[in-house]
Amino acid sequence: MNVIEVENLHKRYEDHVAVDDVSFTVAAGEIFGILGPNGAGKTTTVECVSGLRARDGGLVRVAGIDPAEDRDALRRVLGVQLQSSALPEKIKVWEALDLYASFYPDPADWPELMARVGLADKRNALFASLSGGQKQRLSVALALVGKPRVAVLDELTTGLDPQSRRDTWELVEQVRDSGVTIVLVTHFMEEAERLCDRIALIDTGRVAAIDTPDGLVARIGGGQTMRFRPSAEFDLALLTEIPEVADAGVEDGHVVVSGTGDLVPAVTLLLARHGVVPTGLRVEQATLDDAFVALTGRKIK
Ligand SMILES: Nc1ncnc2c1ncn2[C@@H]1O[C@H](COP(=O)(O)OP(=O)(O)OP(=O)(O)O)[C@@H](O)[C@H]1O
């Protein structure tokens, strides 16, 4: 069942088109990623979905609600993670949660939520005294305090150190496991790869592709590249006869073989049959970054 439907979304800022034509659906229980370089239109897209910005064209529905028509109904089903700077420096953790809970007729049990995001011992701490990771965890708790079916998390881990980033990823997975559908805006490949069930690659206000992380990589012929020095000469044409091999050539004295599936065992077995040992073997997996470059001609960062 789809919780979010976006069709041909269009949004301009005066004469600048921020979102040209974006369509996607998000199924209940998914972590759906919106991935793209700075300025691609990711934030504008989720702001239109969250009712924070009026769209200029297209259709948006969240649990059947049009954000442009009924913001009160939307607020009951969708929580947005606000940028941390939106909170006053001197508010305490518990006060922020209590305040946000007061906005909803049937809020979550916020002390329980505070414990769930690992901030129970920071209950009386001032917002300004929290670390970057703690501020982000508080912002996730605030997005969840209205017991939403959908949570929109925008650039959640930007500015966090690697450990805090990983802790935040675990929290996002726990939120998903509790039954909340998540829309995650990011420009971190690793984050999208690790967390998202499906990803929309957005570039210059348009969707370049939507697929699972593996599916996106597979679209570019995907898989892997092997690079090695053969211990003895052999006929490269032997390699291209293996179904897993897409391409084989020589670069700087190294044999470079790209392909998919069980490429590595298939190639090493064939080499062994011909008495060839692949010395200094390195295997590289194609990444989402490679997929983005191949699909848009541009790098994400
Ligand atoms: N309030 C605004 N007024 C005018 N132009 C804007 C406004 N907000 C965004 N833009 C422009 O619209 C385009 C899309 O911006 P948006 O913030 O949606 O992109 P983004 O993909 O979220 O980028 P980032 O990762 O940098 O946040 C950019 O060119 C941006 O400069």
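## Helix α10 and Leu-263

Helices here are DSSP runs of type H or I with at least four residues, numbered from the N terminus, and in this predicted model Leu-263 has its place in helix α10, which covers residues 263-273. Because a residue counts as buried when its relative accessible area is under 20%, Leu-263, with a relative accessible area of 0%, is buried. Leu-263 and Val-245 stand 18 residues apart in the sequence, and in space their C-alpha atoms are 6.6 Å apart.

## Two domains

The domain assignment divides the protein chain into domain 1, given as 2-214, and domain 2, given as 223-285. Between the C-alpha centres of domain 1 and domain 2 there is a distance of 44 Å.

## Helix α1 and the cysteines

Helix α1, made up of residues 42-49, is mostly covered, since seven of its eight residues are buried. The buried residues of α1 are Lys-42, Thr-44, Thr-45, Val-46, Glu-47, Cys-48 and Val-49, and just after α1 comes Gly-51, which takes a positive phi of about 75°.

Cys-48, one of the buried residues of α1, has a relative accessible area of 2%, while Cys-196 is also counted as buried, at 6% relative accessibility. A disulfide is a covalent bond between the sulfur atoms of two cysteines. With a disulfide taken as a pair of cysteine sulfur atoms within 2.5 Å, the count for this model comes to zero disulfides.

## The largest pocket

The largest pocket holds about 290 Å³ of space, and its lining consists of 14 residues, among which Leu-52, Arg-75, Leu-78, Val-80 and Tyr-104 lie nearest the centre of the pocket. Sorted by class, the lining of the largest pocket contains ten nonpolar residues, together with two polar and two charged ones.

Which elements each supply at least two residues of this lining? They include helix α2 (71-77), strand β5 (78-80) and helix α5 (132-144).

Strand β8, which covers residues 198-203, pairs with strand β9, which covers residues 206-211, in the antiparallel sense and over five bridges. Within this pairing, Asp-203 stands opposite Arg-206 in β9.

How many residues lie between β8 and β9 in the hairpin that they form? There are two residues between these strands, and Thr-204, which belongs to the turn, has a positive phi of about 40°.

Technical notes: Residues numbered from 1 in each chain as written. Predicted model: local features only at pLDDT ≥ 70, side-chain atom pairs only at ≥ 80, totals over all residues. Heavy atoms only, no water. Buried < 20%, exposed > 50% of the residue type's maximum accessible area, 1.4 Å probe, protein only. 1 Å grid on protein atoms, 1.4 Å probe; cavity = no way out; pocket = protein on both sides within 12 Å on 5 of 7 lines; lining within 4 Å. Points joined across faces, edges and corners; volume = space filled by probe spheres on them. Nonpolar A, V, L, I, M, F, W, Y, C, P; charged D, E, K, R; others polar. Pairing = 2+ DSSP bridges. Domains from an automatic or database assignment.
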